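Take a walk through this protein chain. Begin with the whole, then turn to a few single residues.

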Amino acid sequence: MSTLIGSAITLLRGESGVFAVSNEAFDPQSSAEYTLYHLSEEALPALLSYVQEAMQPNVQHPLVVETLPPALAARFGIAQEAAEQQGVECCSLALYDQNGSLGTLYFLRLATLRSCFEDHGAESAGTRTDETLLHFIAQLTAGLRFALRSQALVKEQGRLAAIFQHSTEGILTVDNALRIIDFNPAMERLTGWRENEVLGRFYFKVLRPQDRQGNDLRLEESPILQAFAGQEVVNREMVICARDGQRFTVAVTASCVRNARGETMNGILNVRDLTRERQQEEQRSTFISVISHELQTPIAIIKGYASTLARTDSRLDARALRLRLVAIEEEADRLNKLVGNLLYASRIQAHGLQMDIASLDLEHLIRKMIRRLHAKAPDVEVSLSFPPQLPTVMADQERIEEVIQNLLDNAVKYSPGKPHIDVACFATGEEVIVSVSDHGMGISVREQEQIFNRFHRVGEPLAQPTPGAGLGLYICRAIVEAHGGRIWVESTLRQGSTFLFSLPREEKAQLPMVVF
């Protein structure tokens, strides 16, 4: 655009100017409204204000020439001496073709200069010159219209490329022989294949699709072939295979691109991974089942003991009566804890977890909680390990108590026989780390990646011998991360687990300076 405008202004003997696109031709998404040539952005408003009040060119009079006042000409960057001696003209050239108006070219030139399109030296030259100017307008309009369309295509191509590259859904395109010609980054992440490895390959062999029952799809069942045949393929569920052989469920939408004669040119396949959606559905179903199971058990116990105590013919001694009342109290506490954890999880989801941060002595807190544990379970063996002068941390004491209590309870619950727990603390330059180790069942590597997720329990939730709704570790993670710390697990199956979490030190360690 700039080259065409500059060349046109030069041919018209102008020094500077601007091309203003007409309202009908201007597209904000693909072109600029003004293209400047040797004219500053600061001078543009003054020039536009002047030409809007002047005579406008039209089809009958495509070129309008007016003389500028010398003071105004100086504002447009024309030398004052030349403007005063020779005068300055502001010219307006209408650019149009059979498709309508394209815009107006405004340019400035010295009044003593004339272009070849305005040479009236001979009486017979008037008609020839007018025709030459019209030919020039037609050629310039065609060139500018082509340039505007090219700009639109380039910008549209950029937008489509951005969508293709940054789409969260996998997108692949094929030619009419079903050979892959595009493979976006989301598709690479989904399948494990790189684009350069699959270009030119038959897409069916790369994805190896199956139906939901696990049967290999036949070629005639290919979504893109069905789109080529005019069938609608929208969110069709199927199973595809990744590079490593892993299979997962996806929803595919197929479409095709046809040429002007209606012949198929390319096929497009959008692939959406349904794994996360299925996991969320399973999680919701499991949550309802687990919560129902966890609620029914204490309710049934409370109901049973309460019914026994309410019987008029019941004859219980003091010891039997006390045992039943203690059981009712324990089950009521269990219900209260479960409901409390559910409310806690809801607050976390709503970002309503408030912290009262203060200096905290972890060693003192942990020793207090171990005494509390021994009061409830005297047979649990606990080994403590603290370094001398353990640094204090910045934390909410009540919340950290919940974290440590949860980790201790889990260590007891998942340790068969007589539990033995190791609790240790150690400090680094930035943080203090607490670890709680047991010698119980351990956690598989696959489970370790999900154990801090909400409602997740190791193994089959409804077949668990230990009570729980899978909220404890989720709450622990939320509390620790809200303090700016981190929590993780180190475990070997059937050899025990170590849960660790870190909290920021109140005062950072003064480390020695190392000079290289």
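Predicted model: local features only at pLDDT ≥ 70, side-chain atom pairs only at ≥ 80, totals over all residues.

The protein chain holds 15 helices and 17 strands. Of its 516 residues, 42% are buried.

Now the outside. The protein chain exposes about 29,200 Å². Carbon and sulfur atoms supply 51% of that area. The surface also carries a patch of positive charge, where R201, K205, R208 and R247 gather. One of these residues, K205, sits in helix α8, which spans residues 203–207. Is K205 buried or exposed? K205 has a relative accessible area of 61%. The cut-off for exposed is over 50%, so K205 counts as exposed.

Start with L178. The loop between β6 (170–175) and β7 (180–183) contains L178. Its phi is near 65°, a positive value, and L178 is not a glycine. L178 has a relative accessibility of 5%. Buried means under 20%, so L178 counts as buried.

Then turn to N235. This residue lies in a strand, β8, made of residues 233–241. N235 is not a glycine either, yet its phi is positive, at about 50°. How accessible is N235? The relative accessibility of N235 is 46%. That value falls between the cut-offs of 20% and 50%, so N235 counts as partly exposed.

Definitions and conventions. Residues numbered from 1 in each chain as written. Heavy atoms only, no water. Helix = DSSP H or I, 4+ residues; strand = E, 2+ residues; numbered from the N terminus. Buried < 20%, exposed > 50% of the residue type's maximum accessible area, 1.4 Å probe, protein only. Areas by Shrake-Rupley, 256 points an atom, 1.4 Å probe, with all protein chains shown as cover. Patch = residues over 30% accessible without salt bridge, like charges linked within 9 Å, V, L, I, M, F, W, Y side chains within 5 Å. Salt bridge = Lys/Arg side-chain N within 4 Å of Asp/Glu carboxyl O. Lys, Arg positive; Asp, Glu negative; His and termini not counted. Charge placed at Lys NZ, Arg CZ, Asp CG, Glu CD.
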